[in-house]
Structure formats: C-alpha cells, structure tokens
Amino acid sequence: MGETALFWIMAPIAVLGALGLVFARKAVHGALSLALTMISLALFYIAQEAPFLGVVQIVVYTGAIMMLFLFVIMLVGVDSSDSRVETIRGQRAAATLAVLGVIVLLTGVTVRATLPSEPTGLAQATPDGNVPAIADAIFGTYVWAFEVVAALLITAAVGAMTLTHRERLFHRPTQKELSIKRFTEGPPGEAAGLPVPGVYARHNAVDTPALLPDGTPSEASINRVLVARGAARSTEEFRHHPTPADIEAGAEGETDEPVGGDDDTNGGERA
Amino acid sequence: MNPTNYLVLSIILFSIGAAGVLVRRNALIAFMSVELMLNAANLSFVTFARMHGNLDGQIVAFFVMVVAAAEVVVGLAIIVTIFRTRRSASVDDASLLKL
Amino acid sequence: MTSTLSALATAVATEGGHGGGQAVVSATGVFDLTWLLIAFPLLGAAILLLGGRRTDRVGHLIGCGASIASFVMGLVLFFAMLGEPSDGRAFTVQLWEYVNAGGYSVDVSLLLDQLSMAFVLLITGVGSLIHVYSIGYMEHDERRRRFFGYLNLFVAAMLLLVLASDYLVLFIGWEGVGLASYLLIGFWQHKNSAAVAAKKAFVVNRVGDMGMVLAMASMITVFGSTAFDVVFASAEGASTGWVTVIGLFLLLGACGKSAQFPLQSWLLDAMEGPTPVSALIHAATMVTAGVYLIVRSAAIYDLAPDARTAVVVVGAITLLMGAIIGCAKDDIKKALAGSTMSQIGYMTLAAGLGPAGYAFAIFHLLTHGFFKANMFLGAGSVMHGMHDEVNMRRYGGLRIMMPVTFITFAMGYLAIIGIPPFAGYFSKDKIIEAAFADNWVVGLATLLGAGITAFYMTRLMLMTFFGNRRWQHSDPPHESPPVMTVPLIVLAVLSVIGGFGLLYLGADIVDWLAPVTGEAHHDLPMPLWLLITITLATVVAGVAVAWAMYGHRAVREDVPAGNPLTVAARNDLYGDAFNEAVFMRPGQYLTRSLVYFENRGVDGAVVGTATAVGGLSARLRRWQTGFVRSYAATMLGGVGVVVLAMLLVRLP
Amino acid sequence: MNAPTIEYAELAPLITIFGAAVVGVLIEAFAPRRLRHPIQVGLSLVALVAALVQVILLAGTGMVAAVGAVAIDGPALFLQGTILVLAIISVGFFAERRLEAGGDAFAPSASSLPGSEEERVLVRERMLQTEVYPLVLFAVGGMMLFPAANDLLMLFIALEVMSLPLYLLCGMARRRRLLSQEAALKYFLLGAFSSAIFLFGMAFVYGYAGTLRFGEISEALTANVGQDGILLAGVGLMAVGLLFKVGAVPFHSWTPDVYQGAPTPITGFMAACTKLAAFGALVRLFYVAFGGLRTDWQPMLWAVAIATMLVGAVVALTQTDIKRMLAYSSIAHAGFVLTAMVAADSSATGAILFYLATYGIATLGAFAVVTLVRDSGGEATHLAKWAGLGRRSPVLAATFALFLLAFAGIPLTSGFVGKLSVFTAAIDGGAAPLVVVGVIASAVAAFFYVRVIVLMFFSDPAPEGPTVAVPSLWTAVGITLGAAATLLLGIVPGPLLDLAQQASIFVR
C-alpha cells in the first residue's frame with residue numbers, strides 16, 4: 001500500500017523532472033530537474049528492495065555526476081539559454097512522431113505481456129540483506145566485469161586529462177627572477193619599475209601617459225594592450241611645446257596657469 | 001506492486017530522454033538526456049530484478065552507474081574542448097561535416 | 001557431397017549422357033605439366049611489370065619468349081594428345097583447392113581437352129606472332145616493356161579462361177582478360193579518347209559480368225557447385241526453367257565479352273588501343289571468349305532450346321548490325337571492328353544451332369582468328385607507314401608502296417569474304433549451310449551478311465590499296481620492317497590454307513571436336529551445290545557493288561554529306577543516282593539509325609541507368625545534413641521500424 | 001562465499017593488453033617527455049605481439065572463462081587474433097613521424113586551442129600526444145573482449161571500453177582540428193544514444209529471461225509464454241545498438257562524418273577493428289543467445305541488410321571526399337556481411353570471419369595510403385586532387401587500386417573470395433534474393449571504386465595537385481603487408497578459409 005502511494009506521488013514528479021530537462025531554456029534548470037528525477041528514482045530503488053542502489057544513485061549520480069554537469073554548465077556560461085526556434089526543418093515533427101511511436105510500441109508490448117502481478121521479491125536471493133548479496137555478486141560472479149570496468153575509469157581519467165589539462169611545458173619565471181633580471185639586464189632607469197600612468201593635472205586614468213619629472217610624457221607608462229587596441233591617449237597630446245608667448249609668460253613669473261589645470265592638488269599623491 | 005507500472009514509467013522516462021536528444025541544441029542538455037535514458041533503463045533493471053527474484057538486474061544497474069560516470073567524464077571533456085574552440089555548446093553549430 | 005557428384009558426373013560422361021561426352025581422366029605424364037602453359041606468360045608478366053626499368057632493354061624479348069615458350073608447350077601437348085585415342089583426350093590437372101566455404105568448394109584445376117587444345121594453339125600461336133609484330137610496332141614507345149607485360153598478362157589470363165574446369169576459375173580468367181584489355185585499351189592514356197574508351201569497355205563489361213555472376217549463383221543454388229563436371233552431369237536432372245535461366249545468364253555474359261547485341265558498343269571504341277592489341281584481344285582471342293563459353297556450356301544449351309533460340313537471334317542481329325556498321329566507317333580499324341562484331345555474330349549464331357553448329361562455330365573462330373589478326377596487323381602496318389593515319393579517305397593506292405602488306409592483306413580479304421579455297425570460305429559456308437538447315441530466316445540472314453561483308457571489305461580494300469593517292473606527306477608511305485611483315489606473311493599463309501587444312505588435312509576439325517561438342521547431321525532444304533552457288537553469287541554481287549561505288553570512281557577525301565536530291569541533280573549518271581537512291585540511301589539510313597541506336601539506345605540505357613542511380617545518390621546524400629540531431633532522429637525512427645518489424649513477424 | 005575462479009591462462013591476452021595500457025598511463029606520468037614516444041610505441045607493439053602469441057597458443061580452446069562472462073572459443077580467438085594483427089599494423093601507422101615533419105597524425109596537445117600561439121610552439125618543439133597509445137590499447141582490449149563477451153553485462157561493458165577511447169581519439173587530429181573535434185562530439189553523442197538504446201533492450205531481454213548469460217537466455221527462449229513481446233522488443237533494441245557500431249542503415253549516419261573528421265590512422269583502425277569486434281559480438285549474441293528466435297529476427301535483418309547495401313553503394317557514388325567515399329563503402333560492406341549473417345547457415349560464421357579479416361586488412365591499407373597523399377594543408381582528401389596520381393606515383397596508385405579492387409570484389413583479390421563466401425553462405429541459408437541485391441549493389445559499388453582508379457590513371461594531374469609523401473618504414477611496411485595479404489588471400493585463400501571454418505564453432 002505504501003509503495004503504491006509512493007509510486008503515484010513520485011512517478012509524476014519524476015516525469016515532471018524529465019520534462020523539465022527537455023523544456024527548460026536554461027541548462028541549469030534542466031540539470032536541477034534531472035536531479036529531481038534521479039532522486040525520485042532513488043526512492044523507487046529503495047522501494048524495490050534495492051537500498052544499496054538507491055544510496056549509490058543519490059551519492060554517485062545525483063551527488064557526483066550531476067555536480068560535474070553543473071560545473072561544466074558554469075564553465076560554459078550559466079546564463080546562456082537556448083532559443084526556442086527550431087532551425088532544422090521537420091525536426092520537431094519527426095522527433096514527436098518517433099518518440100510517440102517508440103512509447104506506443106514499448107508500452108503496448110509491456111502492457112500486453114502477462115507479467116506476474118506481484119514480483120517474486122528478493123528475500124530468498126538475499127538472505128543476509130541487500131548489500132552483502134551485491135558484494136557477493138560483484139566480487140564473485142561478476143568479478144571480471146568489475147575488473148574490466150577499471151579500464152573504463154582509467155580511460156576516462158586519461159581522456160579528460162588529455163583533452164582539457166594544459167601541461168606547463170616551459171619554465172615560467174618567478175617574480176624574484178624577474179626582478180633580478182630587471183636589475184641586471186634592463187636600463188638603470190627602469191630598475192625601480194615603470195612609471196605609473198595618469199597625468200595628474202587634468203586626468204587620472206590608465207589611458208593617460210605619465211609625465212616624467214622633466215615634463216615629457218612616458219610611453220612606457222601605458223599598458224601595451226591599450227595601445228594595441230587604440231584605447232590609449234596619444235603621448236603627443238601631452239607633450240609640452242613651449243610657444244614664444246609661454247616663454248614670455250614664464251619669464252614674468254609662474255602665476256598664470258592654464259585654465260582647467262586647477263585639480264593638480266587632487267592628483268598630487270603618487271602611490 | 002505490479003511491475004508494469006514501473007516499466008511504463010521507465011519507458012516514458014526513456015522516451016522523454018530520447019526526445020531531449022532530438023530537440024535540444026545544447027550539447028549538455030542532450031547529454032543529460034542520454035543520462036536520463038540510462039536511468040530509465042536502470043529502473044527497468046531494478047524492477048525486473050525484483051520481479052524475477054534475482055540480483056542480476058541490480059548488478060547491471062550498479063555497473064551502468066560506473067559506466068555512466070566514466071562516460072560523463074569523457075563526454076564533458078569533449079564538450080568542454082569543443083566549447084573552448086568554438087565558444088558554443090550547440091550541437092547544431094558542429095555541422096561542418098556533412099553530405 | 002561434391003566428390004559423389006563428380007563421380008556421378010564421370011559415370012554419366014562415360015556413358016555419353018549428354019552431347020558427345022567423353023571420360024575425363026586425371027592427367028599423367030606430359031599432361032601433368034599443362035599448368036606450364038599459364039605459368040610461362042604469367043612469369044613473363046611478373047618479370048616485366050615488377051622488374052621495373054631494369055628490364056626495359058630486354059623486355060620485349062622476355063615477353064616474346066614467354067609467349068613462344070607457351071606455344072611450344074602447347075604444341076608438345078597437342079602432339080601428345082594426338083597420340084591418345086580419340087575419345088580419351090580429356091585430362092584434368094588439379095592444382096589446389098581455391099575455396100572451400102561450407103558446402104561449396106572450388107578446385108583450381110585445369111581441363112585440357114580437344115576444345116581447349118584448339119584455343120590454346122590459337123591463343124599462343126597467334127599471340128606469339130603478335131608479340132613478335134609488336135616489337136616493331138611499339139619500337140618507339142618508351143613504355144614498350146609495360147606493353148609487353150600487359151600482353152603476357154593477357155595471354156596468361158586467356159589461357160586460364162579456356163583451361164579452367166570450373167565456371168568460377170573461368171570467371172577469374174574472364175576478369176583477368178578484362179583487366180588486361182582495359183589496361184591495353186587505355187594504354188595511350190594521354191589520349192583522352194583512349195581513357196574514355198577504356199572506361200566504356202569496363203562499364204559495358206560489368207553488365208556482362210553480372211550475367212556471369214548470376215549464372216554462377218544460379219548454378220550454386222541448383223547444383224551446389226560450379227565445376228563443369230558436376231554442372232553438366234546434373235543439368236539433365238534440373239528443371240528446364242532453371243537450365244534456361246542459366247543459359248540466358250551465360251548468354252548475357254557472352255554478349256558482354258564478345259561484343260554481341262545489345263552490349264556491342266564498347267568494341268568500336270576499344271580500337272583506341274594500340275593495333276596489336278586490337279588484333280590479339282579485340283579480334284582474334286578475347287572477344288571470342290563468349291563463343292567459347294557457349295560451346296563449353298553445350299550440355300546446358302542442349303537442354304534449353306529457348307536459350308539456344310535466344311543465342312541464334314542475338315547472333316543474327318549482331319552479324320547484320322556489325323556488317324552494316326562496317327559499311328559506314330571510314331576509320332580502317334573501326335571498319336574492321338564492325339567486321340569482327342559481324343563475324344562473331346556468325347559464330348554465336350552457329351553456336352546457337354546446337355550440336356549441328358558448335359564445331360562450325362569453333363572452326364570459324366579459328367579461321368577468323370587467322371585472317372582477322374592478319375588484317376588488323378596489316379592495318380597496323382598501313383598506319384605505321386602512314387604516320388598513324390586511320391582515315392581511309394586519306395589512303396589510296398598503297399599497294400605499290402607497301403607490297404607485302406598489300407598481298408598479305410589481300411589474302412585475309414579473300415578469306416573473310418569467303419572466296420574458295422581461302423580459309424573463310426570453308427568455315428563460313430559451313431555455318432550458312434547449318435543455318436539454312438535449321439531455318440530459312442536464319443539462313444537468309446547469314447547469306448545477306450555474307451553479301452554485305454563482301455561489300456564493305458571490298459570497299460575497305462579499294463579505299464586503302466587502290467584508286468587515287470589521297471595522302472600528302474613529305475615522306476611517302478613505306479613498307480614496314482621484317483619483324484612486322486614476317487608475322488603478316490605467316491598469318492596470310494594460315495588465312496589461305498587454314499580452312500582447307502583444318503577441314504581436310506590430318507584430323508578433321510569437326511571430328512576432332514566431336515567428343516566435346518557432339519555432332520549432328522543436318523539436311524539441307526536444297527542441293528548443296530545450289531546453296532554454294534547462291535552464296536558465291538551473293539558475295540560476287542557485294543564485291544561488284546563496292547567496285548561500282550569505290551573502285552570505279554575516285555574516292556572523295558571529304559565525307560559526302562549532301563542531300564540525295566542535290567547529289568542527283570549535280571550528277572549526270574542517273575544510274576548512280578538510282579543506285580544511290582535505291583540501294584545506298586536506305587542502306588545509309590539504316591546504318592545511321594543503327595549507329596544512332598547504338599549510341600543512344602543501348603548506351604542510353606546504360607547511361608540513363610547510371611544517371612538515375614546518380615540522381616538517387618545525390619538525393620539520398622542530402623539526408624546527411626551534418627546535424628547530429630537529425631542523425632539521432634533517423635536512428636530513433638530506425639528503432640521504431642526495427643522493433644515493429646520484430647513484433648510484426650509474430651503477429652499473423 | 002567462495003572465491004571465484006578466474007582462468008588466467010585463457011584470459012592472458014586480455015590481461016596483457018589491459019596491463020600494458022595501465023603501464024602506458026604510468027609512463028605518461030613518470031617517463032621524461034622525450035622518451036615517452038619510443039617507450040610507448042615499443043610497449044604497445046610488445047604487448048600486442050605478446051597477446052597475439054598468446055592467442056595463437058590458445059587456438060583450439062573452447063571454454064567459458066571468468067565465471068561465465070567470457071567465451072574463449074573459435075570465433076572469439078579468430079577475431080582477437082585478427083584484431084591484434086590489425087592493431088599491430090595500426091600502431092605502425094600511428095608511429096609514423098616523417099609525414100608531418102617530426103609530428104604524427106595527432107595534435108601535439110589535444111588540449112591546446114587550435115590556431116593558438118601555444119599550438120604553434122608545440123608544433124615547433126615537435127611535441128607529441130603520447131597518451132594516444134594507452135588509449136589505443138584500452139580500445140583494443142575492449143575490442144577483444146566484445147566478441148568474446150558471453151553475458152549481457154560483459155557485452156555492455158566491453159562496448160563501452162571499446163568506444164570511450166575511440167571517442168577521445170577521434171578528436172585528436174593534428175590538422176583540421178575543428179572537424180576532428182566535431183567528429184568526436186558527433187560520435188560520442190550518437191554513440192551514447194545508441195548504447196542507451198542498447199541498454200534498454202538489454203533490460204527487456206533480462207526482463208524476459210531473468211538471466212544475463214547467453215546460454216541461459218537461449219534456454220529460456222521458449223519458457224515464458226505470454227511475454228514474447230518484451231523479448232522481441234528487447235532483441236530489436238539490442239540489435240540497434242550493435243548495428244550502430246557496425247554502421248548499418250539506418251544507424252549509419254555517424255560513419256561518414258566521423259571517418260572524415262577523425263585522424264586518418266584512427267579512421268583506418270576504427271573502420272577495420274571496430275567493425276570486426278562489433279560483428280563478432282552481433283553474431284555471437286544472435287546465434288548463441290537468440291538462435292532460437294531466428295525466424296523472428298531474420299526478416300528485420302533482411303530489411304537492414306538490403307537497405308545497408310543499397311544506401312552504402314548508391315550514396316558513395318556522389319561522394320567527393322575519399323575518406324567519406326571509403327566510409328560509405330564500409331557501410332556497403334557491412335551490408336554484405338549481414339547477408340551471410342541473416343542466412344544463419346552453418347557455414348555463415350566461417351564466411352563472416354573470413355570476410356571481416358580480409359576487409360579489415362584492405363581497409364587499413366587503403367586509409368594508410370590516404371595519409372600519404374598530401375598537399376600544403378595536410379592530407380589531400382578531395383577526390384579531384386587524386387586525378388593523375390597514377391602518373392606521379394604509379395606504385396602507390398597501383399597499391400590503392402589493388403585495395404579498391406578488393407573492395408569491389410574483383411577476382412584474384414581477397415575481396416572476391418570474401419564476397420563469394422558470404423554470398424554462398426547466404427544462398428545456402430536460403431537468402432538468394434538478398435544475394436541478388438548484393439550483386440547489384442556490388443555492381444554499383446564497382447562504379448565508384450573504378451571511378452577512383454580511372455581518375456588516378458586516366459586523368460590529367462591537377463596543376464597544383466598533391467605530392468605523395470615518402471613515408472618512413474612504419475607506414476611502408478604496413479601498406480606492403482596489407483597489399484601482399486590482399487593479393488595472397490585472393491590467390492590462395494584456402495588456408496585462411498579453412499581456419500575461419502574451423503574457428504566457427506561457438507561455445508555455449
């Protein structure tokens with residue numbers, strides 16, 4: 001009686017979970033629905049005198065395998081969702097037809113078969129309980145299968161390593177080595193590191209070259225990637241070209257700063 | 001309880017899994033659908049094991065889980081590789097080989 | 001099981017169960033060495049083809065040596081065979097067991113009897129002459145060694161074909177000669193036409209091979225074996241329906257290899273190969289394999305009158321068709337090829353007449369081998385002297401420049417049109433007699449064929465060796481070197497005395513073959529002298545018409561193509577115009593329509609089928625969309641079908 | 001509980017292979033990089049040869065080993081031996097390093113991004129992906145186990161052991177890596193799909209018979225009245241899984257795509273060995289376990305065989321890529337083998353074994369030739385590029401022509417004898433109409449084989465055509481062996497036919 005109730009409660013949930021997998025737009029939702037189905041299946045296993053399998057189902061399948069799926073989904077992009085538009089002509093119709101055909105055929109066969117209305121049950125086959133009996137079978141009758149499965153697991157590990165693991169083939173210099181190299185090989189001016197970008201009078205940003213103490217802008221202060229992308233400001237923009245008027249003004253005394261250069265005080269702190 | 005109920009449930013789950021392979025573009029979902037099919041088969045095995053009163057079906061189900069674990073690793077590795085080169089996990093995008 | 005059957009076969013054969021069966025005994029003494037016949041040329045081919053450039057300088061000598069060695073071996077066996085009693089001349093030599101799959105086994109064993117002996121001598125004898133001739137003909141070809149390798153390969157395969165004692169082993173030789181022919185037709189592969197012709201020969205021959213394969217499959221189904229002895233012995237016990245089916249399948253195979261209607265189209269194109277090839281393979285030997293097959297399968301055809309009728313009809317159609325095509329061609333080799341078709345039609349027709357005709361078919365095959373090889377080599381000699389010109393409209397008056405070629409060619413010419421006492425007279429006349437004895441219509445067809453043969457061969461002769469000179473070369477045509485003319489002379493001698501010799505000197509060919517083919521005497525519906533007179537009169541008429549059209553007037557260099565009215569208006573000779581309107585025009589139309597049919601009809605059928613299959617292929621190919629989901633859908637559909645199929649079987 | 005007895009002597013070939021594979025994995029972990037390639041190649045060859053010797057020593061055994069899971073009998077040993085021979089030749093092709101300037105056919109590192117700087121560096125440094133060899137050994141182990149499996153569980157596990165490494169290997173091509181990875185994805189998804197179907201069928205068969213052992217299943221076939229539907233559906237579903245592996249229509253669609261995308265030596269290995277193993281398993285399952293249902297599965301296999309032969313032969317006609325053409329040809333050949341299989345005559349098994357052996361050798365050779373015809377982009381697989389190859393490299397073209405003629409079943413090649421024996425078996429088994437279809441399909445097939453021969457020998461070479469690379473001894477020896485065997489088995493097939501016939505008794 002209890003089993004019947006369990007079945008009629010959990011079976012629809014299992015089917016819903018399965019449908020969720022097929023209809024969810026986001027892969028994460030699909031994976032979670034599948035986990036739901038698997039947990040219901042685990043309950044069915046336990047109900048059908050297979051407690052060991054029920055536990056393994058939850059621990060290995062739902063716990064390990066589905067988590068692996070989730071990891072990969074994260075890697076691929078959690079947010080990506082499938083468009084609902086079918087691009088292959090006739091695919092949905094063909095799929096529906098084929099799936100319905102298979103359901104009808106197989107269900108027809110199963111329902112028509114004269115199966116015993118009550119199962120024999122495993123009480124006789126497993127006098128010492130389920131787990132010892134399974135252990136007996138795995139390490140007795142099916143020991144060769146058990147041994148061969150090892151090949152499968154090694155293959156999986158080796159395969160995953162070959163396809164995804166990038167071995168570091170060349171020695172990568174450490175920070176210490178880099179700094180020693182800078183001192184021994186680089187120009188003495190760079191020994192203390194490159195100048196930090198940003199012109200503090202009008203800008204304070206990575207796309208702006210630093211002005212060296214002599215007032216010239218330094219190209220080395222800007223990230224090369226920005227230059228390559230064309231996102232950096234030209235150093236020319238900041239080069240100071242003294243005009244005759246400037247020289248004259250400079251001779252009069254440094255009172256007349258250009259307009260807009262007043263925020264010098266804000267950017268005065270050098271890190 | 002009548003084994004037929006479990007079997008019909010397993011057939012339905014199997015077919016839904018097959019449908020998933022057929023209609024879902026996302027390689028991960030298609031692959032999860034295959035896992036659903038394997039699970040459905042396992043349910044049948046467990047049901048039949050109980051029906052016949054021998055453990056063989058449960059043993060098969062156990063080994064299927066092991067095999068599935070290995071298969072998942074390999075499959076996900078292939079999918080990740082494809083994703084890294086194409087930035088897409090859609091099986092429809094992988095259709096250069098044809099005719 | 002097989003051994004019991006073969007024991008049975010031997011028993012039946014000893015009793016003379018079917019047409020002239022004789023006891024087949026295991027070979028002893030010199031006959032044990034029959035395999036050497038094949039081994040010599042095979043070894044030659046192996047040395048030449050695998051030896052690489054090292055054998056370049058002596059390649060042609062090795063090739064000739066292998067062929068001649070085989071011929072000498074043939075002669076030794078022949079004389080040994082003469083020493084045996086006339087009904088004890090069949091020997092088998094078992095070499096090794098080829099296939100033993102389940103209840104079906106095939107031995108590679110050779111059968112040497114009177115029929116295969118005749119072929120062995122023809123193949124090795126004419127083959128050796130052609131090898132020698134090729135030394136001169138291919139002198140300037142840098143791939144001569146390879147050419148000789150292929151020729152040796154051909155000889156080996158052809159010998160295997162005629163010496164096999166099992167249809168399957170015969171089929172291996174059959175495919176072997178096909179391969180050699182294919183390689184040799186396309187030997188000058190730099191010519192696009194040669195490549196196309198090779199392809200066509202291959203394609204058409206596959207249709208014939210299907211016939212062979214189906215015949216063998218039927219034999220396995222009905223008799224459980226393809227060995228000659230078992231098949232022939234058990235043929236009598238089989239239903240007429242099956243025997244007829246086997247006979248028809250074999251006929252299809254024969255049609256493919258022997259260029260008989262409706263599979264004749266490849267032969268004309270095959271002339272793209274070097275001329276010695278045309279002489280050896282596409283005139284003297286390979287194309288007669290179909291006739292050999294039918295005669296060898298006498299025991300089957302004896303029991304299947306319907307299949308025999310089909311053979312006669314095919315032969316009659318081909319003989320007329322070939323002759324008419326021969327009239328239309330200006331290319332000397334193609335005219336000869338048409339003639340070959342026609343002559344093989346004669347043989348096929350004779351073979352279809354049953355025991356009354358088998359021996360005559362082989363007789364004509366042998367004499368044809370002599371004179372046709374002679375003429376082809378003569379044509380080659382002409383081409384050699386004319387800088388590879390093949391168009392007869394550019395020849396003319398060559399008899400003075402090339403006297404040896406002319407005289408030898410003339411012998412062949414007289415032989416083919418059937419002037420006594422040249423070889424063709426005896427053999428063709430016998431066929432015409434047998435045909436008349438069988439049926440008026442068939443007889444008339446052979447008679448008409450003889451007339452047309454006389455016409456087109458005279459035309460060829462006149463256009464080439466007589467009349468005005470239509471060639472303009474700085475260096476005039478020259479006679480070929482002795483290495484080429486000596487084989488011509490030998491073949492010319494054979495063309496002269498071959499018929500008479502085979503019929504009256506030593507053993508009569510008919511009696512010689514009787515133990516294999518059986519014998520049947522026929523009653524002519526008219527006195528023999530009258531038939532001979534009518535035949536000769538027809539031949540003379542053919543010659544006369546040709547003389548009137550080509551010997552009398554200058555041959556035009558361009559191809560006359562005006563419409564008949566214009567021609568008649570321009571032409572003062574109303575007699576000619578009349579001739580043209582009454583005889584030539586219908587003839588030309590017939591010719592044209594035949595050529596058209598040949599090109600469109602049969603080829604069309606082949607090409608059409610190919611196109612249809614190709615279209616289907618392109619359509620099916622589209623299923624391969626590249627989408628893995630479509631594939632999965634196909635698979636799931638397949639699952640439904642498979643499961644349904646499994647369930648449906650139990651349903652009724 | 002009693003300790004199970006495992007017949008180590010009889011299982012020695014399998015243990016050797018799996019053991020060597022595991023050692024190979026350890027070598028990957030511990031051996032210095034530069035030594036890995038020679039060690040792996042040597043190890044693989046030694047293991048394969050040792051296993052072959054063990055198989056030969058076992059000849060004549062007829063027993064069930066490993067608590068009933070593995071049958072060591074004629075068909076199993078014959079196929080194991082053949083697979084090992086083919087694998088030895090294949091390893092030679094994998095080890096070929098002259099064609100790619102120091103590299104082999106595999107990506108220097110399957111994990112590097114195609115076209116990346118890293119890949120360029122790896123190519124320049126002549127790095128090699130040596131994990132290939134242990135993976136191949138695992139696959140060989142699975143293939144050897146597959147036709148020997150004597151219960152359903154073993155059958156399923158062997159199927160996976162054989163398939164998983166192949167899925168991985170398909171994606172490791174050095175050139176055209178996107179196509180290669182796509183092939184791996186397709187093969188994997190469809191393969192997993194088919195094994196799920198297979199497993200479901202297994203569940204139904206178990207549901208009917210209540211046992212996994214083939215022998216017990218065959219005894220149970222008449223027992224359970226009223227449940228036939230379950231059994232038949234199960235047999236159908238299981239057939240689908242196996243027909244997928246042999247590439248029968250309508251489960252063939254992966255074949256051309258995967259064959260084209262995979263690295264060519266792997267394609268050859270797969271085309272030859274997978275087909276052998278899968279047919280061995282199919283025949284054992286259907287003859288031993290489902291032999292009593294013969295009349296039920298025969299009509300279904302008739303239909304599949306006809307569709308397979310015709311689709312394979314017809315679609316191959318319009319292919320323009322040599323690898324795809326060979327793929328369709330392999331589909332057609334699966335159909336030819338099915339004709340004998342359908343007949344289920346006593347001589348059928350021997351004929352199938354012989355056919356598979358000869359087909360495997362010729363296939364391996366043909367794909368090896370494909371690796372040699374190259375242009376700047378790697379292998380030149382487009383048919384148009386093969387035009388006039390006979391003039392540039394007559395020996396190579398002639399060898400390829402020999403393999404094609406064997407595929408076409410022309411006399412004096414092994415293919416002819418093979419075809420003859422399967423067709424004879426089919427006729428004996430009362431499947432004459434099937435043979436007629438087979439002959440027609442062979443005739444159609446002959447067209448496209450000959451088309452290639454004509455193209456090679458009678459067409460003008462393309463102006464910028466491919467060159468024929470000079471291979472190292474590895475490939476040269478392999479191709480020579482293949483060609484010699486093809487020719488020799490066409491002229492003197494007797495000994496091997498006898499061997500196949502003697503080996504055709506299944507232990508039950």
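How many salt bridges are counted between chain A and chain B? The count is 2, a salt bridge being a side-chain nitrogen of Lys or Arg within 4 Å of a carboxyl oxygen of Asp or Glu. The model shown is predicted, with pLDDT of at least 70 needed for local features and 80 or more for side-chain atom pairs, while totals for chains, interfaces and linings use all residues. Residues are numbered from 1 along each chain as its sequence is written, chains are lettered from A and ligands numbered from 1 in the order in which they are written, and side-chain values use heavy atoms, without hydrogens and water.

**View 1. The interface of chain A and chain B.** In this interface, 80 residues of chain A are in contact (heavy atoms within 4.5 Å) with 66 residues of chain B. Between them the two chains bury about 6,800 Å², 74% of it on carbon and sulfur atoms; buried area is the accessible area (1.4 Å probe) that two parts lose on being put together, summed over both. A:Q48, A:Y61 and A:F69 supply 10% of the area that chain A buries against chain B, more than any other three residues. B:R50 forms a salt bridge with A:E3, with 2.9 Å between the closest N and O atoms.

**View 2. Helix α3 of chain B.** Helices here are DSSP runs (H or I, at least four residues), numbered from the N terminus. B:R87, with a positive phi near 55°, follows α3(B).

**View 3. A salt bridge from chain B to chain C.** The side chains of B:D92 and C:R629 meet at 2.6 Å, N to O. B:D92 lies in the segment after α3 of chain B and C:R629 in helix α26 (residues 628-650) of chain C, so the pair joins two chains. Both B:D92 and C:R629 are buried.

**View 4. Salt bridges in chain D.** D:R213 and D:D151 form a salt bridge, their closest N and O atoms being 2.3 Å apart. D:R213 lies in the loop between α7 (177-209) and α8 (214-220) and D:D151 in the loop between α5 (132-145) and α6 (152-170), so the pair ties together parts 62 residues apart in sequence. D:K186 and D:E182 also form a salt bridge, and both lie in helix α7 of chain D, 4 residues apart. A network of salt bridges links B:R86, D:E182, D:K186, D:D257 and D:R324.

Note on methods:
Buried < 20%, exposed > 50% of the residue type's maximum accessible area, 1.4 Å probe, protein only.
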